[in-house]
Every structure is written in C-alpha cells, then in structure tokens.
Amino acid sequence: MHLMVQPEIGIPFLSDPLLVGQGLHSRVLACFPASTMGTRFYKEASESADVAIQDFQQKILESLEQPWPLAENTQNELKPRVLELNQDAKALWADFHDLIEQELHSNGAFRDISGFANKAPEMAIRLAAVLGFIENPAMSAVDGALMSQGIALMQYYLGERLRLTETHEPTAIEKDALKLQRWILGRHTGDYLTIALASKNEPIRSNAKRNRDCFELLEQSGLLQRVLEPVSIKGKIVAEAWLVIREKE
C-alpha cells in the first residue's frame, strides 16, 4: 500500500511517541523528499524515459497475471513458495544485521528508532525479494546483487526515519502518556484500567486532569478503549473504565 500525506499530518504521525510504542511505525517505510518547486522547468520528455515506464508497467502487469500459488487440491488455500538467500546474499544480510544491532545500544545511532531499526534486516530481505520478483516472477532465490539493493533501500529509509523523528519534540502530556503506556504494557496485568488505579500505581503521579488527558491520548493511539457500561475490577463495580488493547503475537 502506498500513501501520500501532507507534512502537517505525516511528521506528527511519525513522531508520535504513543504510536511508536504501539509498534505501528515499525511497519511503515516513510520518506519526505525535498520539494522541487522552483526547479521544475519545462523540458521535452525523453523517449528512453517513456520506454522505461512502459517496460515497468508491463512487468507489473505480468506479475499481477501470475496464477495464485494454491495448495494442491484446493481452490482458496495459498501455499507461496519459499525464497532462499544464496551464499552471497546471506553474507551481506548478516553484515547488515550486525551493523544495525551494534547501533541499538543505549548511545547507538538507532536507539531512538529501535522499533523500526529492529525490523530493518527483515525489511531489507523483503525489499530485495520484491525487486527480484518484478524482474523475474519465477525466481527461487535472492542473490547478492538483489540483497545489496534491498540493503541500500533500507539504509535510506533508516536515515529518513531518523530525520523525521527528530523533527517533532513531544509535548509534556505526550511524554507523560508515554510513561503511562510503558507502565500499562510492562506492569499492568489486568484487562481494564481506571484513572484512579493508574494515578495510584503509575509513575506520573500527576493530577486527575493530566491523567485524563493521557488516557485520551492512549485512547486515540489504540491502546485503550473506553468501556460504555459499568465493569467489575478486583471485585468492585466501576462506572468509568478503559479496556486495554494488547497487540496479539
């Protein structure tokens, strides 16, 4: 899926610490190229560019027209083939994996985007496989050349994520909401949560108004869902509570 959004939406989205904590950003390859306004002077379209575009469109069409990889004797059960990494690709991938890992320590370059960086090695493989599939839908293995291309693309996206993450400074409420989110995911074991229970146990120790604002932010991020009827928590009926939405493995 390819989405295009305005900077006023995209930058806060990528910098939101609550969404980062939810893991959504780890599955998004984002970029924010510099504007070309003021440099888009008219020039005749080249024939070679037109040929390249038509060739790309044809390759995509051929890929879409490939038969579904169905399991034997079934009509709706997919059984996609397994793509292997050849020896050169595996060596390149291992080096990239270790390069990322060494920058995830407390002072590492990727510490602030650790969720995204942790997935970078596997994303590089996916990118390499996609590039290879476009060239040859019948491919059975990722070679060193494709792996190099996948790694190069992933390095670009890592750089973009660092740049975009640093663009937005979280507000005080966002920082408190992030602390609350960490407490919920790390220490709170119940299915439901109330503002009173959070105020008593979590590390913010703030006033009720601030905690309510934090709950609203976590509700917007998808971690909490307001319950519209009284529920029982530790044997007591409470009129206002939120359900904790935990990500399934």
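1. Glu-160 is buried in this predicted model, its relative accessible area being 9%. That value places Glu-160 in the buried class because the cut-off is under 20%. The side chain of Glu-160 forms a salt bridge with that of Arg-163, with an N to O distance of 2.9 Å.

2. Arg-163, the partner of Glu-160, counts as partly exposed at 37% relative accessibility. Both residues belong to helix 7, which spans residues 144–165. They are three residues apart, about one turn of the helix.

3. A second pair consists of Glu-240 and Arg-212, whose side chains meet in a salt bridge at 3.0 Å, N to O. This pair links distant parts of the chain, 28 residues apart. Glu-240 sits in the loop between strand 6 (236–238) and strand 7 (241–244), while Arg-212 lies in helix 10 (residues 208–221). Glu-240 is partly exposed at 33% relative accessibility, and Arg-212 is partly exposed as well, with a relative accessible area of 31%.

4. Arg-226 and Glu-219 also form a salt bridge through their side chains, with an N to O distance of 3.8 Å; the cut-off for such a contact is 4 Å. Arg-226 is partly exposed at 29% relative accessibility, and Glu-219 is likewise partly exposed at 29%.

5. Over the whole structure, the search finds six salt bridges, among them the Glu-160 and Arg-163 pair in helix 7.

Key. Residues numbered from 1 in each chain as written. Predicted model: local features only at pLDDT ≥ 70, side-chain atom pairs only at ≥ 80, totals over all residues. Heavy atoms only, no water. Helix = DSSP H or I, 4+ residues; strand = E, 2+ residues; numbered from the N terminus. Buried < 20%, exposed > 50% of the residue type's maximum accessible area, 1.4 Å probe, protein only.
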